[in-house]
Amino acid sequence: MEGFKGVNNLRTPIVAGNWKMFKTVPEATAFIEDVKGKAEVEGVESVICAPFTNLPALVEAAKGTGIKIGAQNLHFEDNGAFTGEISGLMLKDLGVDYVIIGHSERRQYFAETDEIVNKKVHAAFRHAYCRSYAWVRSWKSVRQDKPKTYAKCRLKLRLRVFRPIRRFMW
């Protein structure tokens, strides 16, 4: 990659913004219009992870640009009686490129366990979100200065019984 010395050209760096629970649909589309042409850097993938209500408008607004759109969560089931949840199938139908899985806030406020995150990773791979898995360690582990031990443990737990389908591998 020209311009990125030391970066392995088998991997594309990703710069992603997680909007948390901010921006209405008009604010989101205005933002995309404002950053078109500015957020697109050669050799870098620019991603906006937005609340579900913004996703259809953002996918449409980002067409023809290098900006990718990501969701902030997905449920591990494709359908069912899971009020308020979003499935990988629904996200795929919207044209979303990425999804955040295992965010520390989901773990803290919604009690997501390693087992639940593991199921979500499987769901993401089922829907070809092959680059979507992002484990996020807790701030407690960072403060205790044990990030490597914590990360190895979490990654091992989350990928257990994981059998990747060859066509989804990058």
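**Figure 1. Lining of the second largest pocket in the predicted model.** The lining residues of the second largest pocket divide into nine nonpolar, five polar and four charged, where Ala, Val, Leu, Ile, Met, Phe, Trp, Tyr, Cys and Pro count as nonpolar, Asp, Glu, Lys and Arg as charged, and the others, Gly among them, as polar. Of these 18 residues, Lys20, Gln72, Asn73, Arg106 and Phe110 lie nearest the centre of the pocket, and helix H4 (residues 104–110) gives the most to the lining, with four residues. The pocket holds about 530 Å³ of space, a volume being the space filled by probe spheres set on grid points that are joined across faces, edges and corners. A pocket is an open set of points, on a 1 Å grid over the protein atoms alone, where a 1.4 Å probe fits, with protein on both sides within 12 Å along at least five of seven lines, and lining residues have an atom within 4 Å of a point. This is a predicted model, in which local features need pLDDT of at least 70 and side-chain atom pairs count only at pLDDT 80 or more, whereas totals for chains, interfaces and linings use all residues. Residues are numbered from 1 along each chain as its sequence is written, and side-chain values use heavy atoms, with hydrogens and water left out.

**Figure 2. The aromatic pair of Trp19 and Phe31.** The count comes to one aromatic pair, the rule being that rings of Phe, Tyr and Trp (its six-membered ring) pair if their centres lie within 6.5 Å, with planes under 30 degrees apart counted as stacked, over 60 as edge-to-face and the rest as tilted. The ring centres of Trp19 and Phe31 are 5.3 Å apart and their planes stand at 90°, so the pair is edge-to-face. Trp19 lies in the loop between strand E1 (14–18) and helix H1 (25–35), and Phe31 in helix H1, 12 residues apart. Trp19 counts as buried at 10% relative accessibility, whereas Phe31 is partly exposed at 29%; buried means under 20% relative accessible area, exposed over 50% and partly exposed in between (1.4 Å probe, protein chains only).

**Figure 3. Lysine charges over the rings of Trp19 and Phe76.** The charged end of Lys23 sits over the ring of Trp19, 5.3 Å from its centre, and that of Lys119 over the ring of Phe76, 4.8 Å from its centre. The criterion is that NZ of Lys or CZ of Arg is within 6 Å of the ring centre and within 35 degrees of the ring normal.

Definitions and conventions
Helices (H or I, at least four residues) and strands (E, at least two) are DSSP runs, numbered from the N terminus.
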